[in-house]
Amino acid sequence: PPRAARPAEAPGGRADPGGAPLPRGDPAAGGERIRGALAGAGGNKSRAANLLGIDRKTLYTNLLLYGIE
């Protein structure tokens, strides 16, 4: 049977209720997806999160993870 997914951990070790971060297999790819979504949304983080199919809080977690401001 498939393993249960672990909740994403936000900085400080707290679970992120918004969902899992973007895949970490290729950090450059995750960062590029976020940058592309932000560009496509004109810098609007709520819209970028929507484009990525993730919660806005998860986007903020990923911004910290990938060092994107």
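**Entry 1: α2 against α3.** I looked up how these two helices meet. Their axes come within 9 Å and cross at roughly 95°. That makes α2 roughly perpendicular to α3, since angles of 65 to 115 degrees count as such. I note that this is a predicted model.

**Entry 2: contacts.** Next I listed the residues that meet. From α2 I have Lys 45, Ser 46, Ala 48, Ala 49 and Leu 52. Across from them in α3 are Arg 56, Leu 59, Tyr 60 and Leu 63.

**Entry 3: the faces of α2.** Which residues of α2 are buried? I find Ala 48, Ala 49 and Leu 52 buried in this helix, which covers residues 45-52. Seen down the axis of α2, the buried residues fall within an arc of 100°, so they line one face of the helix. Arg 47, Asn 50 and Leu 51 are exposed on the other side of α2.

**Entry 4: the ends of α2.** I checked both ends. At the N-terminal end, Asn 44 is the cap. A side-chain oxygen of Asn 44 lies 3.0 Å from the backbone nitrogen of Ser 46. Just after the helix, Gly 53 takes a positive phi of about 75°.

**Entry 5: the core.** I then looked up the largest nonpolar core and got 12 residues in all. Ala 48, Ala 49 and Leu 52 are among them, as are Leu 59 and Leu 63. The core also includes Ile 34, Ala 37, Leu 38, Ala 41, Ile 54, Tyr 66 and Ile 68. Helices α1 (27-40), α2 and α3 (56-66) are the elements that give two or more residues to this core. In soluble globular proteins, nonpolar side chains tend to be buried together.

Technical notes: Residues numbered from 1 in each chain as written. Predicted model: local features only at pLDDT ≥ 70, side-chain atom pairs only at ≥ 80, totals over all residues. Heavy atoms only, no water. Buried < 20%, exposed > 50% of the residue type's maximum accessible area, 1.4 Å probe, protein only. Helix = DSSP H or I, 4+ residues; strand = E, 2+ residues; numbered from the N terminus. Arc of directions from axis to C-beta. Polar contact = N/O pair within 3.5 Å; in protein donor to acceptor, adjacent residues only side chain to side chain. Core = buried A, V, L, I, M, F, W, Y, C linked by side-chain atoms within 4.5 Å. Axes fitted to C-alpha atoms, helices over the stretch in contact; angles between N-to-C directions. Parallel < 35°, antiparallel > 145°, perpendicular 65-115°, else oblique. Contact = heavy atoms within 4.5 Å.
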